[in-house]
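Please keep the sequence and the structure in view while reading.

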Amino acid sequence: LSLAKLGPRAAAAIPALKDALYLDENRYVNGNALLALERIGTAESSKIILEYLKTSRWCAKTTPASLY
């Protein structure tokens, strides 16, 4: 959330935010990374967001044992 508050000044963190978005198993971490990337607002961060959202409808984290 701190990176989200920095907005464009956090552009150096884009690679780490991308990793958090795709690799972290915690949905809150994913959501906060997405928010930070949105607030950074560069073409690179927007591309990462778009690619993530294209595939997010196929949520690998949702299983019969973990519906949420």
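Tyr-22 is partly exposed, with a relative accessible area of 39%, in a model that is predicted. This tyrosine belongs to helix 2, and once its neighbours within four places in sequence are set aside, Tyr-22 is in contact with Ile-48, Glu-51 and Tyr-52.

**The aromatic pair**

The structure holds one aromatic pair. Its partners are Tyr-22 and Tyr-52, whose ring centres lie 5.5 Å apart and whose planes stand at 85 degrees; because planes over 60 degrees apart count as edge-to-face, the pair is assigned to that class. Distant parts of the chain are linked in this way, since Tyr-22 sits in helix 2 (residues 14-23) and Tyr-52 in helix 4, 30 residues apart. Between the C-alpha atoms of Tyr-22 and Tyr-52 the separation is 7.8 Å. As for solvent, Tyr-52 has 17% relative accessibility and therefore counts as buried, whereas Tyr-22, at 39%, is partly exposed.

**The salt bridge**

Side chains of opposite charge can pair when their charged atoms come close. How many salt bridges does the count come to? The count comes to one salt bridge, and the side chains that meet in it are those of Glu-51 and Lys-54, at 3.3 Å from N to O. Glu-51 and Lys-54 both lie in helix 4, where they are three residues apart, about one turn of the helix. Glu-51 is partly exposed, with a relative accessible area of 37%, and Lys-54 also counts as partly exposed, at 47% relative accessibility. Glu-51 links this passage to the previous one, being one of the residues in contact with Tyr-22.

Is Ile-40 buried or exposed? At 3% relative accessibility, Ile-40 counts as buried, because the limit for that class is under 20%. Ile-40 is found in helix 3 (residues 27-40), and, leaving aside its neighbours within four places in sequence, it is in contact with Gly-7, Pro-8, Ala-10, Ala-11, Ile-14, Leu-17 and Ser-45. With Pro-8, which is 32 residues away along the chain, Ile-40 has a C-alpha separation of 4.1 Å.

Thr-62 lies in the segment after helix 4 (43-56) and is partly exposed, with a relative accessible area of 36%. Thr-62 and Leu-6 are 56 residues apart in sequence, and their C-alpha atoms are 31 Å apart in space.

The accessibilities of the residues discussed here are set side by side in the table.

| Residue | Relative accessible area | Class |
|---|---|---|
| Ile-40 | 3% | buried |
| Tyr-52 | 17% | buried |
| Thr-62 | 36% | partly exposed |
| Glu-51 | 37% | partly exposed |
| Tyr-22 | 39% | partly exposed |
| Lys-54 | 47% | partly exposed |

**The chain as a whole**

The protein chain has four helices and zero strands, and from the N terminus on its elements run α-α-α-α. Taken along the principal axes, the C-alpha atoms of the chain fill a box of roughly 40 × 20 × 15 Å. Of the 68 residues of the protein chain, 24% count as buried, and Ile-40 and Tyr-52 each carry that label. Among the contacts in the chain with a separation of 6 or more, 56% are accounted for by residues 24 or more positions apart.

Terms used: Residues numbered from 1 in each chain as written. Predicted model: local features only at pLDDT ≥ 70, side-chain atom pairs only at ≥ 80, totals over all residues. Heavy atoms only, no water. Helix = DSSP H or I, 4+ residues; strand = E, 2+ residues; numbered from the N terminus. Buried < 20%, exposed > 50% of the residue type's maximum accessible area, 1.4 Å probe, protein only. Contact = heavy atoms within 4.5 Å. Salt bridge = Lys/Arg side-chain N within 4 Å of Asp/Glu carboxyl O. Phe/Tyr/Trp six-rings, centres within 6.5 Å; stacked < 30°, edge-to-face > 60°.
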